[in-house]
Amino acid sequence: MRDRLEISMQANHGLFAALVTAGLIFGAVASATGDVFYLRLATEALILGGLALSVDILLGFTGLLSLGQALYFGIGAYVSALVLRAAPDFWLAIGAATGAALVAGIVGGLIANRVRGVYFALITFGMAQIVARVVYNTRELGASDGLIGVPVLEIPLGPVSFSADDPLGFFLLTFVIIGLLYGAVAYLLSTPFGRVIVALKANESRVPYLGYSAWAARMAAYVVAALVAGIAGALYPMLRGFVSPELMFFASSGNALIMVVVGGVGTLVGALYGAVVLTVLKSVIGSLTEHHLIVVGGIFIAAILFMPKGLMGLVRPAMMRWLLARAEARAPRSGAVRRTTQ
Amino acid sequence: MTDVLSLDGLSIAFGGLRAVDDVSFAVRERAVTTVIGPNGAGKTTLFNLISGALKPQAGRVTLSGRDVTGLSSAAMHRAGLARSFQITNLFSEMTVRENLRLAAQVLEPVSHALRPLRRRGRAADKVEALIDRFSLDAKVHEPAGALSHGEQRRLEIAMCLASEPQILMLDEPTQGMSHADTADTGQLIRDLAREVTILLIEHDIGLVMELSDHVVVMHQGRKLAEGGPAAIRADPQVQAAYFGQG
């Protein structure tokens, strides 16, 4: 006797476990063969997966299409880069980026949540473009060149310490952080608070008659999404050693959206799969032809036409049926018991 | 018996149209009060004013002695006023149980908002009790959108009750129902009236006369008359404005 929302989240967790397993195998193979390129590419994919996760919180659960989610990713990245250049401390950079994303998320939410639907999409797009342009024209922030020369970071984790330059170490750290973000969001969506968020997507106009302010719930979801994007963004300069205004441009937000759609909207884990698939495809196809965007565009169209539920849609329905059957088998007569006791 | 809800000179105009014009009446505790009137009389607009969906331009709404005029819908709901809608308004992709759970979770303290959903406790117990009472056992795992019309209307009433309101406002609960379903719903409302105050909008005059303790007649935004069912039926003004048309 389980709720569909619970079963659905369990299926996501199963797929996340598969992703972790694949990631560990990949990490072991890559480090055994001395690979650096694919480890760093996979790390970048996971970081971008964090941005895609942020998009899915809004699109897949709250029912809001943001076309400017890269704004918060960029803010996290820039704040992290600024902190690292001044004082190379991992936790300080993450903390500062989180704080900045929180403030920016509240301000952006107050603006964007005044409207709904296509207007919301346009405002989020506009806000990101404005900030990106301001950064692009601000010499103190490196203008069009961005901030370069972020020092290689020494990351202390309890007794051990490793360098962000260590491809396997930083890959695993990124995996842990993105995993924690995934876990935190999945947890949040499973609470009574999360149910209200999900209710917004299902039927927003009914939410006030459950005793909840739809506006407040939308704001909360928006700020959570901004935090996720900001924290993911904070990892970016640690990997790449630089940040640039392009991180906030529409191409970034649009890519994140494509990752979510290709992976599977409203599944959280689909955002991460989508990010891995798209990042790897772009790199592989990019090494074969300059016109890789044409191929990516084609894949996006094909994904929408032939896999409307994304990659996750290929396996999730079967998983959910299995989980449901298992839940029923475990509590075959709970309904009957309950009835007789009343 | 005390008044749970009282309206005092409630008014709203849309442009030049006085949709609700200086309407006053009181709703007594544990009674069924029904608002009737021809289409366009302003009944649903009145419900929207009371439930916080619209802010009145004049007048006052008092709920259990507290002035609640102009509160938001969410605040009104928390103050103890639950309403259903003329057009079925559910979370159609969610299952029956999820709909009820969502409606009942307001019973739990705010401090539980960020904890895992509890399988026991006030909200969970309420959900199971409502599933039982409304005979929705066989459908708990069905998406609400897959239920029959009558079942959806029942679920809607169950969701309103889930928050344990002081007053239940039902906007045409028998709308689009078969004769048998209408009779069942009438019986249900009669049962509910023993535990909760009910304010109703209803078109089925037979049902209105049978169910109501008090009837308020609206016509062109104004209150035309109010009184017991028998008195309303005998009122010549009401007959001219309302029954005369039918």
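**A walk through chains A and B**

Let's start inside chain B: 5 of the 5 residues of strand β3 (residues 32-36) are buried, so this strand is largely enclosed by the rest of the structure. A residue counts as buried if 20 or more other C-beta atoms lie within 10 Å of its own, as exposed if 12 or fewer do, and as partly exposed in between, with C-beta atoms placed from the backbone. Strands are DSSP runs of E with at least two residues, helices are runs of H or I with at least four, and both are numbered from the N terminus.

Before going on, please note that this is a predicted model, in which local features need pLDDT of at least 70, side-chain atom pairs count only at pLDDT 80 or more, and totals for chains, interfaces and linings use all residues. Residues are numbered from 1 along each chain as its sequence is written, while chains are lettered from A and ligands numbered from 1 in the order in which they are written.

Back to β3(B). In a regular strand the side chains alternate between the two faces of the sheet. Here B:V32, B:T34 and B:I36 point one way, B:T33 and B:V35 point the other way, and all are buried. What does β3(B) pair with? Strand β8 (residues 197-201) of chain B runs parallel to β3(B) and is joined to it by 4 bridges; two strands pair if DSSP finds at least two bridges between them. Within β8(B), B:I198 is the bridge partner of B:V32. Strand β9 (residues 214-219) of chain B is also parallel to β3(B), again with 4 bridges, and there B:H214 stands opposite B:T33.

Chain B also holds an open sheet of 4 strands, with antiparallel pairing and the order β2-β1-β4-β5. The edges belong to β2 (17-28) and β5 (66-67), each with a single partner strand, so one side of each is left without a neighbour in the sheet. Strand β1 (residues 3-14) pairs with β2(B) in the antiparallel sense over 8 bridges, and B:A13 has B:R18 of β2(B) as its bridge partner.

Stepping back, chain B has 9 helices and 10 strands. Its radius of gyration, taken over C-alpha atoms, is 18 Å, which agrees with the value near 18 Å for a compact globule of 246 residues under a rule of 2.2 Å times the number of residues to the power 0.38. The C-alpha atoms fill a box of roughly 55 × 40 × 35 Å along the principal axes, and buried residues make up 43% of the chain.

Chain A has 13 helices and 2 strands. Its radius of gyration is 21 Å, close to the 20 Å that the globule rule gives for 342 residues, so chain A is as compact as a globular protein of that length. Buried residues make up 48% of chain A.

For a helix pair, look at α2 (residues 37-62) and α9 (residues 250-263) of chain A, whose axes come within 8 Å and cross at roughly 70°. Axes are lines fitted to C-alpha atoms, for helices over the stretch in contact, and angles run from 0 to 180 degrees between N-to-C directions. The two helices are therefore roughly perpendicular, a label for angles of 65 to 115 degrees; under 35 is roughly parallel, over 145 roughly antiparallel, and the rest oblique. Among the residues making the contact are A:L48 and A:V55 of α2(A) and A:L257 and A:V260 of α9(A), where contact means C-beta atoms, placed from the backbone, within 7 Å.

Definitions and conventions: Two residues are in contact if their C-beta atoms, placed from the backbone, lie within 7 Å.
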